[in-house]
Amino acid sequence: MKKLIPLAAIEIFVWGILLLSTLIISKIAFLINLGGETLIGRIATEAIRVVVSGAVVLVWLLIWKKITDSYFWRTVAR
Amino acid sequence: MLDSLSGTSIAIVFAVAAIVTLVATPTIGRVTKAHGIIGRDVHKLSKVELPEMCGLAILLGLTTGVALSILFFPDAGKEAVAFIGTVLIAGAIGFVDDLHPLGARIKPVLTAGAALPILLLRTYDPIPIVPLLGPVRLTVVYPLLIPIAIAVTSNAVNMMDVMNGAMAGTVSVICGATTVIMLASGRPELAALSIGLLGALLAFYYFNRFPAKVLGGDTGSLAVGSALAALAILGQVETAMIVALIPHIMNAFYGLASVGRLYERREIRQRPVRLLEDGRLEASAERNAPITLTRLILASGPLTEKEIVRGMILLTLVSSVLSVLTFWVTAVGRI
């Protein structure tokens, strides 16, 4: 099962990036406050937070895809 | 800590769910075969035909286990009803899909509807706890994310059900980790739901492992996937569940990313793997074929179906350990 080691390493790397992403989200997305305790203000703030967090998650998925693609095509070519 | 009464209750839920599934699987298999509900085991040279839709047995075992958990933990009855309601709706969608295949776009939309019991019974806390971040208030947005979470998880688990024992084996490992997490967070009533699922899945795995005697169909995989999402929502362990599901996400996301749209397995012209004359499987070198987890595992050379599934289970074991670590990081953050 030595063949699985690179994939397990990808999993661990992806996990690390996920934790890093939550740190980035906490430092950026959750500091956003569009002000007020009104319903509109709360909806706008939460929506913006989710959009920014979604963007970070998208970057996380893209990094993951790049690494996996690179592993796959390099290994298949051998 | 877990008291002995809760411990005994959880053990009974596990045993009953497993026994019911053990008894029901061959019986359902005989009935479905008699009615011509069969699937072809495409990764065998013989292309043997097997009884399909036997995931019904998982539903039966899990429902019995959940009914018992309501007796043992009556205070958490609402959560248990929301959980099993979600699972049964997703299972019903799978049932329809097994009889009359649904389109690749309609299936996620329908499975999103399985979130209704959780939403209607309000068995969610819109303040998820995120690692390194702590509680996050998403009062307005969180309920909108629940149907998406159910649809994504159930379809990701469904896409993993490609080989003998792959779905049941990998999700069993995740259930083990989830049970540990629920117990560690002092939620024995949710640990009972998780271990009920584990019992049903292990019993089903006995019949579905290589060489499979039965196939679960979408009835089983969509229900099991929705169960994982429901557990994550009820137990507020969303991030830990995402981590546990890394191999499933890898399988589904790369398949989707490489095809460029939602797809059904039967629609794919360029297969990700091909069957060799010696019965082993080899990764396709075609650029257009989806990069699935199976294809990734086969990247370094041909393997047997049994070896591939063992690889999937080992990778899920790694992600499940990471999910427990994630829970621990989250718990530390909460302190």
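Predicted model: local features only at pLDDT ≥ 70, side-chain atom pairs only at ≥ 80, totals over all residues.

Reader: How many residue pairs are in polar contact between chain B and chain A?

Author: Residues are numbered from 1 along each chain as written, chains are lettered from A in the order written, and side-chain values use heavy atoms without hydrogens or water. A polar contact is a pair of N or O atoms within 3.5 Å, one able to donate a hydrogen and the other to accept it; residues adjacent in sequence count only if both atoms are side-chain atoms. Between chain B and chain A, with both residues at pLDDT 80 or more, the count is five.

Reader: Which helix gives the most to the side of chain B that touches chain A?

Author: Helices here are DSSP runs (H or I, at least four residues), numbered from the N terminus. Helices H10, H11, H12 and H13 of chain B each give two or more residues to that side. With nine residues, the one giving the most is H13(B).

Reader: What is the angle between the planes of Phe72(A) and Trp73(A)?

Author: Rings of Phe, Tyr and Trp (its six-membered ring) pair if their centres lie within 6.5 Å; planes under 30 degrees apart are stacked, over 60 edge-to-face and the rest tilted. Phe72(A) is buried at 0% relative accessibility, because buried means under 20%, exposed over 50% and partly exposed in between (1.4 Å probe, protein chains only). Phe72(A) and Trp73(A) are edge-to-face, with centres 4.9 Å apart and planes at 80°.
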